[in-house]
Structure formats: structure tokens, C-alpha cells
Amino acid sequence: MNMDAAVLTDVGEMEVQTRDRPEPDPGDVVVQVAACGVCMTDYHVYHGALGANTPVVLGHESSGEVVAVGDDVDGFAAGDRVAINPVLPCNACSACKRGDTHLCENNTSVGGAGEKIIDGAFAEYVRVPASNVERIGDVPYEYAALAEPLACCVHGADRANVTQGDSVALVGAGPIGLMLLQTLRNRGVAPIAVSELDEDRRDLAKKFGADLVVDPAEEDPVETIREEIGPVEASIEVVGKVATIEQAHAMTADGGTTLIFGVPDQDATMEVSPFDIYFNEIDIHGTYALTRESFERAVTLLRTERIDAASLITERIGLDDIPSAFDRMERAEGLKKMVVPGQEES
Ligand SMILES: [Zn+2]
Ligand SMILES: [Zn+2]
């Protein structure tokens, strides 16, 4: 049987092709993709900033219905509604053994960035190990497709090392920043300040409960946030640029944490004062991808409606629309774009 898949054939080239529908190997399930979010990671792979062997099918933020199970799969059957965790740990390296599967030395991803990329969910069907799917109950598929980025936010909130009543500044409120904001609110983190250029995104940040929202084109976010809230227990950069990381770092209180969440250029460098790090005990943390645990917790948050998913999804597109969606992401138009395979035929 055949299926449509959006195949990355070279840097900057993607086309919808007819391919064989995957069959499950032992331990695998095949999922009919209902929704798959488009992510800045896809954008970076498409433009060659993150490497990938082509041809390959991207798409790592997906949900759908199990349609086939391989031998030795217990606990899943055709008809199950699931979200897919795209991280495939080797379970043999020392990172995997200590539970940091996201730092696996043999990092393999289903449709995401990694040393090795296997075909992802910008397709009508995708094959994954049964251990990588999580039941979603009756959560709408497009909300469930947010489980992967939400899991990154849950993991990021862990890495920010904050708890109830701790102050946080978020630099950048795109789809991820806005999901992270909700995750932090869930934890009782307060107050929360947000710096964001785009007016619609600032409005959503207010709606999601930010206590202070700053337009960095109008005022210096470092000054304003320091004045209104003071230095913060954690400042989180969700843009991926040195200038905004420096801004975030300048807001961090002594004993606090600066968290790099946005994806910086691989060859970017920045200056920090080692004396300040030493004397003020400021931690600089990174947060990369998600853990098995944070994925499970993200699905729970979606199932218990702790996240406003509807406000984050602004477009539904077909497999043939992905390259133009990248253009709109570059211009920061709208928020999450959901690929609904089969949409182009309707
Ligand atoms: Zn992603
Ligand atoms: Zn490993």
C-alpha cells in the first residue's frame, strides 16, 4: 500500500512523493498521522543549518491512530490514539544508562534533528517503536501533537530550577515561549515577566498570565524588568540569539539561573564574566529536547487540560504547504502550524 510523504530531497528542497506505507518490525507500531506540528528545528534542517542525510522525511511533533502493531508488542492495538515521542535512545551508552536518553551518544530521531534521522511524520503513516508512543485518551489530535514541544518545555522548566513564588523572565514568546509560560504558571512560578517584539504574542502572554509584558522595541527589557520585579531567579532565553541571551543573563539574580532554550547558531560565541559567575554563583544552563519522563508528564498536562493548546495553533496545512510555512515562520507570522496529511486533497 502507498502513502504520501513530504520528502526532503536536498537542502531547501521538499516534495510530496508517493512511497510504500511502512510495515511494523517486531516491537514497532505504525501510526496513521493525524497531525504533525512544524517546528523551527524542521526549518533549520530544511535550510541546512542542521545537517541531515537526504532523502529523509522530517516531522517530529505528531499524533495519530495506531493502525498496525508488530510482533512482541504488548499493550497497544489498532485503533489506539497516541502521541509520538521522537527520541530513540540506544539504551547502551552511559548517558542512556543514567537516564539522560535525550543526551544519547547515538542520538537517533524520528523526523527530528539527530546524528541519525529516521523517517518522521510529515507523511500519512510513520513507524516507531511501541515504547515511543503514549496514549492520549480523547485529547484532540492537533492538541496531542503539541506533546513533544510541551515536553521540551517541561524539561526546560526543570532545568530552570525554579519553584512556587520564584520570579522568572522569559525573553521571547513564540510558540515555545508561550507554552513554557503556561508550564511555569502551572508550577506556581511568580511573578513572570515576558519580553517580546510581536504585539499579538505579547497579548497572548498577558492572556496566559504573564505579570509584566515588555516590548523591547519600546523600552529596555533589562531595565524595566529589573525596576518592576528586580533580578529574577531564572531568566530564560527562547530566541536563540547571542544578544537576547546576554539580555536574559543581565536579569539573573545572584544565585539564580540563566537558561538557554532557543537554538543558537552552532558557531556563535558570547562573552561572560567568569568573576560574576564565581562571585555571584550564577548558573548558566542549557536545555535540550525532552526526556521520556517529561514526555509522559506533557501528555498528562494535555489530558487534564492544563494547557491552552487551541490558542497556540493558528494554521492547518497540507503536506505540500510545508516550505511556504517555513517562510511564514521566518516572518514570525502566526504561531504553531499543524500539518494535517491529506489536507491538500480536500
Ligand atoms: Zn520541535
Ligand atoms: Zn544512548
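**Exercise 1. Work out which residues hold the zinc ion (ligand 2) and what geometry the site has.**

Start with the donors: in this predicted model, the zinc ion (ligand 2) is coordinated by the SG atoms of Cys-90, Cys-93, Cys-96 and Cys-104, at 2.3 to 2.4 Å. Next, look at how those residues sit along the chain: their spacing reads C-x2-C-x2-C-x7-C. Now the angles. Among the 4 donor atoms they run from 100 to 119°. Four donors count as tetrahedral if all angles lie between 85 and 135 degrees, so the site of the zinc ion (ligand 2) is tetrahedral. For reference, the ideal angle for four tetrahedral donors is 109.5 degrees.

**Exercise 2. Find the donors of the zinc ion (ligand 1) and their spacing.**

Three protein atoms turn up: SG of Cys-39, NE2 of His-60 and OE of Glu-61, at 2.1 to 2.4 Å. Along the chain, these donors follow C-x20-H-E. Check burial too: His-60 and Glu-61 are both buried.

**Exercise 3. Explain why the largest nonpolar core lies between domain 1 and domain 2.**

Begin with the members: there are 50 residues, and those touching the most other members are Leu-170, Leu-178, Leu-180, Leu-181, Leu-184 and Ile-236. Then ask where the residues come from. Elements supplying at least two each include helix H4 (147-160), strand E12 (168-171), helix H5 (175-186) and helix H10 (292-303). H4 gives the largest share, 8 residues. Now bring in the domains: domain 1 (2-146 + 309-345) and domain 2 (153-286) both contribute residues, so the core lies between them.

Zoom in on one member. Leaving out residues up to four places away in sequence, Leu-184 touches Ala-157, Val-162, Val-168, Leu-170, Val-189, Ile-192 and Ile-236. Apart from this core lies another one, of 41 residues, including Met-3, Val-7, Val-33 and Val-133.

Conventions:
Residues numbered from 1 in each chain as written. Chains lettered and ligands numbered in written order. Predicted model: local features only at pLDDT ≥ 70, side-chain atom pairs only at ≥ 80, totals over all residues. Heavy atoms only, no water. Donors = N, O, S within 2.8 Å, 3.2 Å for Na, K, Ca; no water. Buried < 20%, exposed > 50% of the residue type's maximum accessible area, 1.4 Å probe, protein only. Core = buried A, V, L, I, M, F, W, Y, C linked by side-chain atoms within 4.5 Å. Helix = DSSP H or I, 4+ residues; strand = E, 2+ residues; numbered from the N terminus. Domains from an automatic or database assignment. Contact = heavy atoms within 4.5 Å. Tetrahedral: all angles 85-135°; square planar, octahedral: opposite > 155°, others 65-115°.
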